[in-house]
Amino acid sequence: MDFHKNDKVVVLSGDNAGTVSRVLQVLTKKDRVIVEKVNFIKRHTKARGQGQQSGIIEKEAPIHFSKLAHFCDHCNRGVRIRVQGTSKSRTRHCVRCDSVITKG
Ligand SMILES: [Zn+2]
């Protein structure tokens, strides 16, 4: 898994397939990623104490990284990436056009 916060990604499968969005959070240990406005789940909450509202809260649920691909602006599609260089100067390249996938 080589997703980072703010990476531009496209959803490959599920209800949100085809959606281009951005990574909000990476859960490395779970191999999951939270993507903005993708995979909303509804949570029913009850008010506990003052100032808290009861009702339904919609929140992004993490999705497995295998359902995501990096989005290449140059190719205008989801692509696989190739990692180049050492850990200190690592760049990620689109396998199709070789352009660098920038960190958001
Ligand atoms: Zn490309």
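In the predicted model, the accessible surface of the protein comes to about 7300 Å². Carbon and sulfur atoms account for 46% of that area. Of the 104 residues, 25% are buried. The charged side chains number 21 positive and 9 negative. The centres of these two sets lie 5 Å apart.

The protein contains 10 strands and 0 helices. From the N terminus on, its elements run β-β-β-β-β-β-β-β-β-β. The radius of gyration is 17 Å, well over the 13 Å that the globule rule gives for 104 residues, so the protein is more spread out than a compact globule. Along the principal axes, the C-alpha atoms fill a box of roughly 55 × 30 × 20 Å. Among contacts with a separation of 6 or more, 39% join residues 24 or more positions apart.

Nonpolar packing was examined next. In soluble globular proteins, nonpolar side chains tend to be buried together. The largest nonpolar core in this model has 9 residues. Its members are Phe3, Val9, Val11, Val23, Val33, Val35, Val38, Ile63 and Leu68. Two elements, strand S1 (8-11) and strand S3 (32-35), each give two or more residues to this core. A second, separate core holds 5 residues, including Cys72, Val79, Cys94 and Ile101.

Val11 belongs to the largest core. Beyond residues up to four places away in sequence, Val11 touches Asn16, Ala17, Gly18, Thr19, Val38, Lys67 and Leu68.

Ile34 lies in strand S3. With a relative accessible area of 11%, Ile34 is buried, the cut-off for this class being under 20%. Ile34 and Ala61 are 27 residues apart along the chain. Their C-alpha atoms are separated by 6.3 Å.

With neighbours within four places set aside, Gln25 is in contact with Val33 and Ile34. Gln25 and Arg90 are 65 residues apart in sequence, and their C-alpha atoms are 20 Å apart in space.

Ile101, from the second core, sits in the segment after S10. The residue counts as buried, at 10% relative accessibility. Its contacts beyond four places in sequence are His70, Phe71, Cys72, Ile81, Arg92, His93 and Cys94. Cys72 and Cys94 are also named in the second core. Arg82 and Ile101 are 19 residues apart along the chain, with 9.5 Å between their C-alpha atoms.

Gly55 is in strand S5 (residues 55-60). Its relative accessible area of 30% makes Gly55 partly exposed. Away from its neighbours within four places in sequence, Gly55 is in contact with Arg43, His44 and Thr45. From Gly55 to His44 the sequence separation is 11 residues, and the C-alpha to C-alpha distance is 5.8 Å.

Asn39 has a phi near 65°, a positive value in a residue other than glycine. This asparagine lies in the loop between S3 and strand S4 (40-45). Asn39 is partly exposed, with a relative accessible area of 26%. Asp98 also has a positive phi, about 70°, although it is not a glycine. Asp98 falls in the segment after strand S10 (91-94). At 40% relative accessibility, Asp98 counts as partly exposed.

Technical notes. Residues are numbered from 1 along each chain as its sequence is written. This is a predicted model: local features need pLDDT of at least 70, side-chain atom pairs count only at pLDDT 80 or more; totals for chains, interfaces and linings use all residues. Side-chain values use heavy atoms; hydrogens and water are left out. A nonpolar core is a set of buried Ala, Val, Leu, Ile, Met, Phe, Trp, Tyr and Cys residues joined through side-chain atoms within 4.5 Å. Buried means under 20% relative accessible area, exposed over 50%, partly exposed in between (1.4 Å probe, protein chains only). Helices (H or I, at least four residues) and strands (E, at least two) are DSSP runs, numbered from the N terminus. Contact means heavy atoms within 4.5 Å. The radius of gyration is taken over C-alpha atoms; the globule rule is 2.2 Å times the number of residues to the power 0.38. Accessible areas come from the Shrake-Rupley method with a 1.4 Å probe; for residues, only the protein chains shown count as cover. Lys and Arg count as positive and Asp and Glu as negative; His and the chain ends are not counted. The place of a charge is taken as NZ of Lys, CZ of Arg, CG of Asp or CD of Glu.
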